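Open your viewer and get ready to click around.

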Amino acid sequence: MNSTLPRKPRGFMFDLDGTLILSDRSLGGYTPIPGAAETLAALDARGIPWIAMTNGSAYPASVQAPKLRAVGLPVRDERLFTPNSVAAKAMLERGYERVLVLGTQGVIDALVEVGVPCVGPDGAAAHEADAVYVAWHPECTMPHIHLACERVLEGAAFLTASDIPYFAARGGRAFGYSCAINGAVARITGVEPEATGKPSALALAMVAEQLGVAETDVGVVGDDAKAEMEMAHAGGAIGIAVASGSTSREQWQAQPPERRPDLVIDSVGELFAGGWLD
């Protein structure tokens with residue numbers, strides 16, 4: 001593992017859970033990681049662009065960002081991105097006429113507010129959907145899964161907010177609903193979902209676009225080997241791993257090449273320690 005970065009990042013993407021915050025398992029409350037607020041403020045003082053990107057899809061940025069600010073993190077609404085942000089862009093570009101959403105009302109709202117035509121699993125037009133989007137859906141039922149399988153078997157596109165099995169929370173791992181639902185649909189249909197959140201190329205492209213830098217100049221900061229480091233490695237970005245979430249220093253050392261970070265720090269509060277960014 002290198003102790004220096006291959007080059008100085010020109011912009012940063014920060015993961016949320018395990019990197020900037022720890023959530024409770026119901027996603028109802030946040031605790032900032034020590035040093036997170038100070039690090040974001042230091043980047044602002046240096047004029048270095050940054051955004052936060054979560055694989056959580058339960059809330060739109062307009063709901064979640066104020067909650068982050070309430071606990072002291074200076075994350076403006078326009079600096080917070082979710083898989084729904086990426087999914088909406090892809091759905092509009094591809095011209096889907098009706099998207100079946102297995103997710104909370106917050107997921108549907110995030111898509112609808114930018115013009116994506118959506119329907120929930122209990123909607124009258126659900127059986128006509130030409131795309132299926134699986135996100136945070138704690139109220140999922142077997143009929144919902146049956147409907148999603150029906151549409152995918154009929155040729156509907158199959159997208160998901162995240163296919164990551166768990167995220168760091170207070171008290172340990174919290175398991176991702178979307179990953180479990182994806183597994184059921186994929187097992188029945190034989191079709192794997194296209195992820196719109198991390199580690200997808202779609203997500204990294206949006207990050208670079210929002211930061212105004214090349215993908216290779218993005219510093220991807222996160223606690224998950226698959227979500228953040230696989231994305232960084234695949235896109236040629238700069239991977240900066242933290243040991244404050246789901247992956248320990250020992251586990252980082254054991255990662256395969258395609259998920260190995262360029263640098264490991266204990267927490268985001270150490271980002272400016274050691275002269276790595278000088």
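## First stop: H3 and H7

Select helix H3 (residues 83-94) and helix H7 (residues 201-211): their axes come within 10 Å and cross at roughly 100°. That makes H3 roughly perpendicular to H7 (65 to 115 degrees counts as roughly perpendicular). Axes here are lines fitted to C-alpha atoms, for helices over the stretch in contact, and angles run from 0 to 180 degrees between N-to-C directions. Helices (H or I, at least four residues) and strands (E, at least two) are DSSP runs, numbered from the N terminus.

A quick note before you go on: this is a predicted model, where local features need pLDDT of at least 70 and side-chain atom pairs count only at pLDDT 80 or more, while totals for chains, interfaces and linings use all residues. Residues are numbered from 1 along each chain as its sequence is written, and side-chain values use heavy atoms, with hydrogens and water left out.

Now show side chains: Ser85, Val86, Lys89, Ala90 and Arg94 in H3 meet Leu202, Ala203, Met206 and Glu209 in H7 (contact means heavy atoms within 4.5 Å). Ala, Val, Leu, Ile, Met, Phe, Trp, Tyr, Cys and Pro count as nonpolar, Asp, Glu, Lys and Arg as charged, and the others, Gly among them, as polar.

## Next: a sheet of 6 strands

Switch to the open sheet with strand order E5-E4-E1-E13-E14-E15 and parallel pairing. Strands pair if DSSP finds at least two bridges between them. At the edges you'll find strand E5 (80-81) and strand E15 (263-265); each has a single partner strand, so one side of each has no neighbour in the sheet.

Zoom in on strand E13 (residues 218-222) and strand E14 (residues 238-242), a parallel pair with 4 bridges. Look for glycine 219, opposite isoleucine 238 in E14. Then bring back H7, which packs on this sheet and touches E1, E4, E5 and E13.

## Another helix pair

Pick helix H5 (residues 142-153) and helix H6 (residues 177-189), packed at about 45° with axes 9 Å apart. Side chains to show include Ile145 and Ala148 in H5, and Ile181 and Ala184 in H6, all part of the contact. That contact has 9 nonpolar residues, 1 polar and no charged.

## Last stop: a sheet of 5 strands

Finish at the open sheet ordered E7-E6-E8-E9-E12, again with parallel pairing. Its edge strands are E7 (118-119) and E12 (194-195). Inside it, leucine 102 stands opposite valine 134 in E8.

Technical notes. Parallel < 35°, antiparallel > 145°, perpendicular 65-115°, else oblique.
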